[in-house]
Amino acid sequence: MSRRSRKDRDAASGLLMPGIRPLILFLFFVSGIINVLALTGSFYMLQIYDRALTSGSVPTLVAISVLAIGLYGFQGMFDIIRSQVLVRLGARFDRRLAPLAHQVAIDMPRYGYSSSEALERGRDVDTVRGFLGSQGPLALFDLPWMPLFLAFVYILHPALGALTIAGAAVLAVIAIVTEILSRRLSGQSQEAAVRRNRLADSNARNAEVLKAMGFAGRAVARFAKANEANLSLQTRTSDITGTFGAISRVLRMLLQSAVLGLAAYLTIRHELSAGAIIATSIAAARAMAPIDLAIGNWKNVVAARTAFGRLRETVDVLAKAPRPMPLPAPVRSLKLEGVTVASPGTGRVLLSDVGFTLDAGQALGVIGPSGGGKTTLVRALTGIWPVLRGAVRLDEAELQQWGDEAMGRHVGYLPQDIALLDATIAENISRLDPEADPDRIVAAARAAAIHRMIVRMPQGYDTELGANGAGLSGGQRQRIGLARALYGDPFLVVLDEPNSNLDGEGEEALTAAIRAIKARGGIAVVVAHRPSVLKAVDHVAIVMDGRMTAFGPREEILRPAAPPTPGEAEPKPARRAAETGRRGILR
């Protein structure tokens, strides 16, 4: 790894958990105290066998026991402190990273990721927090103090020290082999889990369709196949960690017995005291315990490391994101200059070389066949999808120069698929603004002609909508979405199929809303299949086959095409395409 990339990763780690180094040093220091105090048992056995028993002194036995109890108490206290610090470190990590991970989860679908992949960052936060509260970190903090116990055993007798060091080396090799074999499988298992979750999310979102048309069984079978692949990889990973964990435990017990046997042999040869037999066994077991614990928790260690790496990359990207300077509110124009847009998921170009200009107080209607590129144009206008080439400008400034919060103040958007938040009607209309002005909420509702319907509900504007407004009709959801788009009188209002679920009254309210946008000096862009909503627009654009084939005043574009008189030349291809698209939409 280059010095520059290492520096970037260190900086990202600092952003993930600021002030982490002092905490790590503190935990390392506390772990040192715990491991030093862990020698209490060995020293206690030495003193019992070599001093208390040989002297036959009860006061000596009592004094040694009281001292040992006090040292064990201190060890337990420091162990509690270390555990509580790690738990609070995990909570601090979650508190800082969970909002950032959720922000990324909101942005990722714009770039072609599924909602399951987007939510994976939130699961990464849970993984790291859970790991910090588990036994895994304890093993990692105890590992550097292994030489303390090895040195203690070596001081008792060099042969015992050599045997213990050899056993530690074997266990370390097992840990390295476990890491090598599990790393690749862990990554594949993560990808398989994402695929399974993606299918589960898709099936849940299409539950009504699956039920109504009777192919839920096939959807479940498809999920079961993906789940089986995930389980297979999970099983292989668990087999590796479980197998080597069992081997390490057996070897550790074998090593303890070998150390005990060698110590007994040395005692018989009068090279070791009787107390040293038990002391050596306790110290050798303590020296091996962190490796054994690390191997047993290696799956969690790998998962936490992978999750932390992804979060570090995420934070690094967020840290490098530009922070645009605040600009004055747009009041003059919307310009598209040769805009080309590709699908973030596939890279296929969906819209090519679109350009037009709208001035304040104008409205544009966009028509064209399904799949022609209308919704892609909407996503480019609102900044949902980045443009591949060209520029979308508000008052000459590209959308990237406004920033998300500024765009939220100056842009209103009604998507084709209405998605209401799990919040109250007022919170939905005000875009979750905690300091929203009730008068502005009511004004937006009146503009969408839905105020009367809202106040007739038992809780009025405080009515909880639940998940996606399940208790409302399609038309009601659409008009609440329209009120949300109109809230705060944004300069640019983009409406994608705003009348698809509206009745006659709703369409009249929509037309009045478009005229009100124009009257206050805003700009409206309306995508429509039904021509009734176009009577309030000034210009019409026809988008088909990923291109804008016509743009001009509404009366000119929507004028019925007259048949050519005898001898008149056939229309040019572009004009013929525009006329064909117009007839198809207005038929």
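1. Two strands are said to pair if DSSP finds at least two bridges between them. Strands themselves (E, at least two residues) and helices (H or I, at least four residues) are DSSP runs, numbered from the N terminus. The model is predicted: local features need pLDDT of at least 70, side-chain atom pairs count only at pLDDT 80 or more, and totals for chains, interfaces and linings use all residues. Residues are numbered from 1 along each chain as its sequence is written, and side-chain values use heavy atoms, with hydrogens and water left out.

2. Six strands form an open sheet in the order 6-7-8-3-9-10, with mixed pairing. Strand 6 and strand 10 (547-553) stand at the edges with a single partner strand each, so one side of each has no neighbour in the sheet. On average, neighbouring strands of this sheet are turned by 15° against each other, direction ignored; the axes behind such angles are lines fitted to C-alpha atoms, for helices over the stretch in contact, and angles run from 0 to 180 degrees between N-to-C directions. As background, strands of a sheet pair through backbone hydrogen bonds, either parallel or antiparallel.

3. Strand 3 (residues 363-367) pairs with strand 8 in the parallel sense over four bridges, and G365 has V526 of strand 8 as its bridge partner. Strand 8 (residues 523-527) is also joined to strand 7, again in the parallel sense, over five bridges. Strand 6 (residues 411-414) runs parallel to strand 7, with four bridges between them. Which residue of strand 7 is the bridge partner of V411? The partner is L492. In strand 8, L492 has I523 as its bridge partner.

4. Strand 7 itself. Five of the five residues of strand 7 (residues 492-496) are buried, so the strand is largely enclosed by the rest of the structure. Here buried means under 20% relative accessible area, exposed means over 50%, and partly exposed lies in between (1.4 Å probe, protein chains only). In a regular strand the side chains alternate between the two faces of the sheet. In strand 7 both faces are covered: L492, V494 and D496 are buried on one side, V493 and L495 on the other.

5. The crossover. Strand 7, helix 19 (residues 504-519) and strand 8 make a right-handed β-α-β unit. Right-handed means that, with the strands pointing away from the viewer, the path from the first strand over the helix to the second runs clockwise.

6. Another open sheet has four strands in the order 2-1-4-5, with antiparallel pairing. Its edge strands are strand 2 (349-359) and strand 5 (397-398), each of which pairs on one side only. Strand 4 (residues 389-394) and strand 5 run antiparallel and are joined by two bridges. L394 stands opposite A397 in strand 5.

7. Salt bridges. A salt bridge is a side-chain nitrogen of Lys or Arg within 4 Å of a carboxyl oxygen of Asp or Glu. A search of the whole structure finds 13 of them. One joins R82 and D79 (3.3 Å, N to O). Both residues lie in helix 4 (residues 58-107), three residues apart, about one turn of the helix.

8. E271 and R269 meet at 3.9 Å, N to O; E271 is partly exposed at 39% relative accessibility, and R269 is partly exposed at 47%. R554 and E555 meet at 3.4 Å, N to O. R554 is partly exposed at 22%, while E555 is exposed at 51%. Elsewhere, salt bridges that share partners join D79, R82, D142 and R286 into one network.

9. A surface patch. V173, I176, V177, I180 and L181 make a nonpolar surface patch of about 430 Å². Patches are made of residues with over 30% relative accessible area and no salt bridge; like charges are joined within 9 Å, and nonpolar side chains (Val, Leu, Ile, Met, Phe, Trp, Tyr) within 5 Å. Accessible areas come from the Shrake-Rupley method with a 1.4 Å probe, and for residues only the protein chains shown count as cover. V173 lies in helix 8 (residues 158-205) and is partly exposed, with 49% relative accessible area.

10. A contact across the sequence. I34 is in helix 2 (residues 20-37) and is buried at 0% relative accessibility. I34 and Q75 are 41 residues apart in sequence, but 5.4 Å apart in space, C-alpha to C-alpha.
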